[in-house]
There are 2 protein chains.
Amino acid sequence: MAVYTEVSDEELAAFAAQYDIGAVQSFKGIAEGVENSNFLLETERGQYILTLYEKRTRPEDLPFFLSLMEHLAARGLACPTPIHGRDGQALRQLCARPAAMVSFLKGMSARSLQPWHCQALGQALGALHKAGGDFKGVRANALSVAGWRPLFEQARQGADQVSPGLEKQIAQELDQLEKEWPLDLPKGVIHADLFPDNVFFLGDKLSGLIDFYFACTDFLTYDIAICLNAWCFEKDLSFNATKARLLLGAYEKVRPLEEAEVAALPLLCRGAAMRFLLTRLYDWLNTPPGAFVTRKDPREYLKKLRFHQGIRSAAAYGLDAR
Amino acid sequence: MAVYTEVSDEELAAFAAQYDIGAVQSFKGIAEGVENSNFLLETERGQYILTLYEKRTRPEDLPFFLSLMEHLAARGLACPTPIHGRDGQALRQLCARPAAMVSFLKGMSARSLQPWHCQALGQALGALHKAGGDFKGVRANALSVAGWRPLFEQARQGADQVSPGLEKQIAQELDQLEKEWPLDLPKGVIHADLFPDNVFFLGDKLSGLIDFYFACTDFLTYDIAICLNAWCFEKDLSFNATKARLLLGAYEKVRPLEEAEVAALPLLCRGAAMRFLLTRLYDWLNTPPGAFVTRKDPREYLKKLRFHQGIRSAAAYGLDAR
């Protein structure tokens with residue numbers, strides 16, 4: 001949760017006047033997203049989300065994110081779509097920060113995940129990958145295999161304080177991941193952060209995907225691996241194979257996996273676990289206790305990594321052999 | 001700003017089912033109020049604010065606050081009105097905390113205060129006091145003159161770190177306030193915290209008053225004194241007598257002040273400045289830097305106090321002698 005930047009009523013009125021959205025009737029900072037300042041803006045015409053991009057979002061990436069959301073929404077994916085000003089621009093400045101307004105999506109994220117949530121997610125993830133198939137933008141994934149070792153180097157000294165032996169465990173796993181990471185799986189736009197916080201449900205239906213600010217170009221199956229990690233472990237960190245089977249089955253109804261993707265899935269799941277283990281470890285060591293942002297325990301992803309290390313084939317995730 | 005308690009989708013659904021408001025469509029933690037957790041809840045029927053009362057609000061005071069809002073709203077004051085459940089109750093439990101839902105008010109607080117805002121505030125404050133005239137509830141003001149010395153005793157040791165000589169200045173002023181504080185001014189329900197954050201505007205009109213969780217029974221003029229402190233100083237802490245005159249003039253169109261109230265106004269303004277000086281001093285000394293809540297500088301109210309100490313009659317606030 002976060003609202004970092006205060007926007008005055010005068011700055012807001014001047015900003016809103018650049019859009020054809022009518023007079024502002026309500027404006028509230030909302031607890032959504034960790035990296036940026038988000039506001040729910042209501043006008044005579046409707047509801048919008050206004051985002052001020054804070055320092056962890058690189059301004060040069062914003063055109064990629066905004067054009068991606070626009071592309072996906074235009075293809076019928078339920079995701080926020082950027083609102084253009086009278087001048088045609090979607091990206092502008094507010095309070096000396098890059099800022100954009102997007103459409104408001106109804107729905108709420110699920111905190112207690114049921115199997116049907118995972119099934120709905122699988123379908124939506126397939127639809128996202130399909131809708132992104134003809135997207136022209138490209139953005140390298142800074143948090144894929146090539147990015148992990150530099151991150152590790154910045155965090156390794158504190159690793160053993162977090163969990164005894166962690167430095168060595170990560171070092172060994174990184175060696176293996178770097179050696180075995182696939183070179184040639186189907187690539188495209190991935191969300192790369194499709195955690196339950198970023199998926200809305202309304203009644204018994206998935207109503208939208210939000211927060212595309214980690215989206216990038218990478219193996220589509222890596223996105224699945226992120227979701228298996230984020231959605232299919234129970235609170236006690238046991239793996240729920242029923243949820244995984246439903247997620248993968250629904251995904252494959254939209255985009256069937258190739259044999260090489262199925263074979264690579266256990267390794268990609270280890271990679272996805274490594275990615276969140278490392279960023280959480282880095283944040284853990286660099287966030288003072290009691291600070292504004294809640295620290296997430298990196299050991300959660302160490303346990304998930306260990307689970308995937310014990311997997312020999314995608315059958316463990318509920319996928320049938322091809 | 002604050003959202004302290006996380007409410008799961010399941011807890012929320014069970015809670016909302018106790019009201020006749022339709023299915024929940026959206027639920028967002030909002031940055032409103034410092035003491036409690038607030039959420040904007042949207043259903044098929046409309047928008048509501050759901051508040052979970054955190055530990056700084058005493059549960060035994062909640063019936064007073066809720067019945068006051070209901071009383072004022074019924075008399076046409078633009079303020080949140082509690083929503084009753086199917087069982088007739090407005091106050092219930094959620095996530096092991098007292099919780100209540102109130103109506104949503106359109107509008108935004110003004111951050112850059114213009115004279116007309118102060119005029120509109122004066123009118124609304126008069127209307128609040130008038131509408132509260134026949135309210136039966138009573139709640140002592142723990143933050144009036146009798147409460148200041150105990151607060152000072154808890155904070156005096158750190159006072160001189162905040163501003164050299166502050167401990168002595170407060171001690172002397174407290175002696176005088178306790179000696180001279182009036183006994184017999186018109187009393188009634190006061191808001192007691194009507195800062196710009198708690199007043200909404202829509203276009204060029206005041207659209208509502210919120211956050212009645214400091215409301216209590218006290219001198220009506222003490223509420224005016226709080227507003228003069230909160231609304232009529234510029235950012236450089238110079239006093240804007242034009243704003244004060246407009247505020248008081250608009251108030252008096254609704255409820256003319258008695259002679260004794262006019263005479264007491266400078267002293268009440270000193271008292272109101274003392275109240276916020278002491279609570280801010282206490283919070284300053286008891287909030288670690290970098291903590292979740294932004295600390296407000298107590299010296300702002302020391303400067304305001306000094307201004308009022310130099311005032312000999314209410315003429316300085318733009319009130320004519322009676």
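User: Axes are lines fitted to C-alpha atoms, for helices over the stretch in contact, and angles run from 0 to 180 degrees between N-to-C directions. So at what angle do helix 5 and helix 8 of chain A cross?

Analyst: Roughly 130 degrees, with the axes of helix 5 (residues 166-180) and helix 8 of chain A coming within 11 Å. That makes helix 5 of chain A oblique to helix 8 of chain A, since under 35 degrees is roughly parallel, over 145 roughly antiparallel, 65 to 115 roughly perpendicular and the rest oblique. This is a predicted model: local features need pLDDT of at least 70, side-chain atom pairs count only at pLDDT 80 or more, and totals for chains, interfaces and linings use all residues. Residues are numbered from 1 along each chain as its sequence is written, while chains are lettered from A and ligands numbered from 1 in written order.

User: Which residues meet there, in helix 5 and helix 8 of chain A?

Analyst: A:E173, A:L177 and A:E180 of helix 5 meet A:L267, A:R270, A:G271 and A:M274 of helix 8 (contact: C-beta atoms, placed from the backbone, within 7 Å). By class, this contact has 3 nonpolar, 1 polar and 3 charged residues. Helix 5 of chain A passes helix 8 of chain A in a left-handed crossing.

User: And how do helix 6 and helix 8 of chain A cross?

Analyst: The axes of helix 6 (residues 220-231) and helix 8 (residues 259-286) of chain A come within 8 Å and cross at roughly 60 degrees. Helix 6 of chain A is therefore oblique to helix 8 of chain A. The crossing of helix 6 past helix 8 of chain A is right-handed. From helix 6 of chain A the contact includes A:T221, A:Y222 and A:I226, and from helix 8 of chain A it includes A:E261, A:L265 and A:F276. The contact residues divide into 11 nonpolar, 3 polar and 1 charged.

User: Chain B now. How far apart are the axes of helix 3 and helix 6 of chain B?

Analyst: They are 11 Å apart, and helix 3 (residues 115-131) and helix 6 (residues 220-231) of chain B pack at about 160 degrees. That makes helix 3 of chain B roughly antiparallel to helix 6 of chain B. B:C118, B:L121, B:L125 and B:H129 of helix 3 form the contact with B:L220, B:D223, B:I224, B:C227 and B:W231 of helix 6. Its residues are 7 nonpolar, 1 polar and 1 charged.

User: What about the domains of chain A?

Analyst: Chain A is divided into domain 1 (9-104) and domain 2 (109-317). Their contact takes 17 residues from domain 1 and 17 residues from domain 2 of chain A. The side of domain 1 that touches domain 2 of chain A has 10 nonpolar, 4 polar and 3 charged residues. The domain centres, taken over C-alpha atoms, are separated by 27 Å.

User: What are the confidence scores, ipTM and pTM?

Analyst: The model scores ipTM 0.83 and pTM 0.88. Chain A averages a pLDDT (the predictor's confidence in each residue, from 0 to 100) of 94, and 96% of its residues score at least 70.

Definitions and conventions. Helices (H or I, at least four residues) and strands (E, at least two) are DSSP runs, numbered from the N terminus. A crossing is left-handed if the near helix is turned anticlockwise from the far one by less than a right angle, and right-handed if clockwise. Two residues are in contact if their C-beta atoms, placed from the backbone, lie within 7 Å. Ala, Val, Leu, Ile, Met, Phe, Trp, Tyr, Cys and Pro count as nonpolar, Asp, Glu, Lys and Arg as charged, and the others, Gly among them, as polar. Domain bounds come from an automatic or database domain assignment.
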